[in-house]
Amino acid sequence: MSTAISTAEEVHTHDHDHDHEHHELGFIRTYIFSEDHKTIAKQYLISGILWAFLGGSLSILFRLQLGFPEMSMEWLRPLLGGWIDDSGKLDKEFYLAMVTMHGTIMVFFVLTAGLSGTFSNFLIPLQVGARDMASGFINMLSYWFFFLSSVIMFSSLFIETGPASGGWVIYPPLSALPQAMPGSGLGMTLWLTSMTFFIVSSLMGGINYICTIINLRTRGMTFTRMPLTIWSFFFTAVLGLLSFPVLLSAALLLIFDRSFGTSFYLSEIYIQGQALPNVGGSAILYQHLFWFLGHPEVYIVLLPALGMTSEIIATNSRKPIFGYRAMIGSMMGITALAFIVWAHHMFVTGMNPFLGSVFMFLTLIIAVPSAVKAFNYITTLWKGNLVFTPAMLFSIGLVSLFISGGVTGIILGNSALDINLHDTYFVVAHFHLVMGAASFFGLMAGVYHWFPKMFGRMMNKSLGYIHFWFTFVGVYMVFFPMHYIGIAGFPRRYYTFTALGNDSMAAFTDMNMFISIAAIITFSAQAIFAWNFFYSIFKGKIAPANPWNSNTLEWTTPINPEHGNWPGEIPAVYRWPYDYSKPGAPEDFIPQNVPHSATLESNLPEENAEIAREKDIEGLLGAQNESYTH
Amino acid sequence: MNYLIGLLAIVFFFLAVSVIAKSVKLNNKLSGTEDEDSTVDNFNNANGIAMLIFWLLFVILGSWSFMNARPDFLPIAASEHGVKTDNMFWSSMAVVTFAFFISNTLLFYFAFKYRFNKNRKATFYPVNHKLELIWTVIPAIVMAVLVFTGWRTWRDITSQAPSNAAVIELTGHQFGWFVRYAGVEDGELGNVNYKLIDDTNSLGIDFTDKNSFDDFTATELHLPKGQPVLLKIRAQDVLHSVYLPFHRVKMDAVPGMPTKFWFVPTISTDEMRAKLGKPDFNFKVNCTEVCGRGHFGMSITVFVDEPEDYKKWVAEQKPFLATNPAYLDKVPTNLKAKASKYIPIEPIATDSTEAVSVN
């Protein structure tokens, strides 16, 4: 790894012959079926934002039901029609449908596609120093498969029997039997179809991310000089590539069970006065397959957020990230462990208790690399010189949410304690903090930080601060008290809690109302962001070339990078990305493309040896250019 | 109501902050101190201070709300293992709350303390192996302790049920629970077969198995206090999950795959009523695996009786065969004589299998 080997001759699998000359592409090729990674990233981002508003508004609808169970929803009839029942209340099946779609949309369409899709696409070529993704065409296909998947999922909201309603995990037999609930009919078919395309999309994206990171790094960009963002995208892509196919097989088997009479998941079922012929299947098999993706999925949404915030916190603390290698190591550890903890979602499914012990042990190990990451973040802030840009605020928010949500994972990962907490609001609070809100904060931090690079304009900072404080306080007001409801034993996915009996519902009436109001305020505050985002695209202040005085390569491109990213040669990389506030240096940052020979006053003793290697790095220019020409 | 007041307070707090911020900005604009090109603006200090204020308010409101919600948490567990897991829960909570408190405090305090100051330079401090080692090893040790205690408790809970356990079958269906007892004679549940389910025999009890002759069904769950109870759990249509909140019992009901959970109830219904001062208190079985429209309402009542009351109640129950003598036809000829024992002279044709079902 001492010298960069960024030459990949086999890069050009696609046959269109651009030589980085500006040949004008039409509107459609520039903005719609674009192969430019920056455009694709923006497509993902805007789709993700739209999905986030939809997913969020669904949660507001069911929070209204939970917070104000007595309220008449008649006023929603113009919007929801028959989903408001005759008594003016939300239909019970529609309640489950909303819970399901909220989860599906947020996990897959917002935090996987919107977060990883946006920033992996945008930042990988810019930060490793590549002209574009390894395959622009596959990258384009990846977005359009995602788009197709979105259209199908969206359309399922409008069918008469309603969208999928069995929870976002769609456990069979509920999801396999249309007679079990209306949502398991056409809605579930559409769900499965949509997810199939979604998986195809994310596989194409993932392959591209991995290839680009391995093959297209600029000269000098060794693995140990890569920004942590790139490391996190790399691990994310590996996770996705290895686990999404398993979800695809789970979905395919479910499709077979639903449509072709197989019995992979079905056995000995008597429903609606009818004994089904299926025997020998296992409903638990589905859960194993689902969570084999489902658990890595947690890290698929979280790792990019952690990577981006590492970058943002280092930049805005004006300090190197503390423990760069430990950060990589802990992400590597999390990635590896992510594959072998899935059954902690299944402690009480009737799985062999011995497996429960094994998975408890493996699950609690994950706390160690996670703790290392949290401590490294905190130490990065220590003796820094913190600039609170909106991105920095959201990053600090992420660290706090990651800790607060993470610690309860230690409780839930303990199989003995999980018995009582499983499927209660304690779990809901836990994963919303550590995975939902933390990843969302990463997404927001990323948008605020890289907006100038994306659109050449600045977002309004003051609105950013207001947005942050509303969201941060709001998220804690929603999810912190939710733990209490969980400790009180309230199960999730309940339309109302009357059947718990003993007035236990009354005990938390106020609390549920409080959570719902807080959720509404938090959700409404996102309008500030939406306005700021869309307004700034067109009317924001023109961005300077390097607005945050950052070291990474994307800030060496022109303010509005064209296709190919750098008009001239791609810069070489001579140092790691975290030379902030280096003693002796005149500025408090030294970009990665500044050679050590130019910074004699601030070089550490061992870095003077790097000067001799600069020639080798320069020598790779020819080979690098070669790889881009046909 | 308290929450609403708290919420309004927070809202007004933010309105106040934003008004102040606006006026600061206006003031700066007027006096022309805002440096347009600097990455650091005049809100930097405010944001840094807000971080600390946020955390202080968080700790105060968080502690207050916890104390406020505490009376509504599940009261002390009504089962032997539940007391152990409750203790472990609260001791684990103490450990993680400590970690949560320390790390968040450092985070917000550092954010406040090291907010930008143009006269200061950040310390170039990229690595310290000793520190890394310390905060790898300490969490690892804590985790090891938690895993070990957790594993021991888990092992005990999931161990083989004692042979004297009362065997009770709970079968989930959309949307209710069927209860079947092993009966007084043999103490063993007879086989069931989902293909034998009909309107009366809603469990599909297989009368070719002689163990089924004395089985009786019920619409509520009666448990003997202080004695081990083995729940044999089934589902007929989709996944369900048996949840007895007060007994800290939870186990999924899976079609085609019987599951089980054994435990020892330690507090009778009467004792719990007295303890809570609620004369109409009842234990419940609820469902915690989403199963469709009526999921939230899928509950039956549980009575934990003193052992002698339980015995009395069991003795009063009539075997399914006794209340539905028509099913004698299903019994193979060689067992007819044994089965006929349970048939009363005057057959009563009622259906006792229908459990509470909620839509």
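## Two chains in contact

The contact between the chains takes 101 residues from chain B and 114 residues from chain A. This is a predicted model. The briefing starts with that contact, then turns to one helix pair, the core and the domains.

**Chain B's side of the contact**

- Several elements of chain B each supply at least two residues of the side that touches chain A.
- Four of these elements are helices: helix 1 (2-31), helix 2 (43-69), helix 3 (80-113) and helix 4 (129-157).
- Strand 6 (240-244), strand 7 (249-253) and strand 9 (283-287) of chain B are also on the list.
- Helix 4 of chain B gives the most to this side, with 15 residues.
- By class, the side of chain B that touches chain A has 54 nonpolar, 30 polar and 17 charged residues.

**A helix pair across the chains**

- Helix 12 (residues 390-412) of chain A pairs with helix 3 of chain B: their axes come within 9 Å and cross at roughly 170 degrees.
- Angles over 145 degrees count as roughly antiparallel, so helix 12 of chain A is roughly antiparallel to helix 3 of chain B.
- On the chain A helix, the residues that meet helix 3 of chain B include Ile396(A), Val399(A), Ser400(A), Ile403(A) and Val407(A).
- On the chain B helix, the residues that meet helix 12 of chain A include Phe89(B), Met93(B), Val96(B), Phe100(B) and Leu107(B).
- The contact of these two helices has 13 nonpolar, six polar and no charged residues.

**The largest nonpolar core**

- The largest nonpolar core holds 297 residues.
- Which of its residues touch the most other members? They are Ala438(A), Phe441(A) and Val242(B).
- Helix 4 (residues 92-128) of chain A gives this core its largest share, 22 residues.
- Domain 1 (26-539) and domain 2 (562-628) of chain A each provide at least three residues of this core.
- Leaving out residues up to four places away in sequence, Ala438(A) touches Leu302(A), Ala305(A), Leu398(A), Leu401(A), Phe402(A), Gly405(A) and Leu433(A).
- In soluble globular proteins, nonpolar side chains tend to be buried together.

**The two domains of chain A**

- The domain assignment gives chain A domain 1 (26-539) and domain 2 (562-628).
- How far apart do the C-alpha centres of these domains lie? The distance is 37 Å.
- The contact between them takes 18 residues from domain 1 of chain A and 22 residues from domain 2 of chain A.
- On domain 1's side of this contact, eight residues are nonpolar, four are polar and six are charged.

Technical notes
Residues are numbered from 1 along each chain as its sequence is written. Chains are lettered from A and ligands numbered from 1 in the order in which they are written. This is a predicted model: local features need pLDDT of at least 70, side-chain atom pairs count only at pLDDT 80 or more; totals for chains, interfaces and linings use all residues. Domain bounds come from an automatic or database domain assignment. Two residues are in contact if their C-beta atoms, placed from the backbone, lie within 7 Å. Ala, Val, Leu, Ile, Met, Phe, Trp, Tyr, Cys and Pro count as nonpolar, Asp, Glu, Lys and Arg as charged, and the others, Gly among them, as polar. Helices (H or I, at least four residues) and strands (E, at least two) are DSSP runs, numbered from the N terminus. A nonpolar core is a set of buried Ala, Val, Leu, Ile, Met, Phe, Trp, Tyr and Cys residues joined through C-beta atoms within 7 Å. A residue is buried if 20 or more other C-beta atoms lie within 10 Å of its own, exposed if 12 or fewer, and partly exposed in between; C-beta atoms are placed from the backbone. Axes are lines fitted to C-alpha atoms, for helices over the stretch in contact, and angles run from 0 to 180 degrees between N-to-C directions. Angles under 35 degrees count as roughly parallel, over 145 as roughly antiparallel, 65 to 115 as roughly perpendicular and the rest as oblique.
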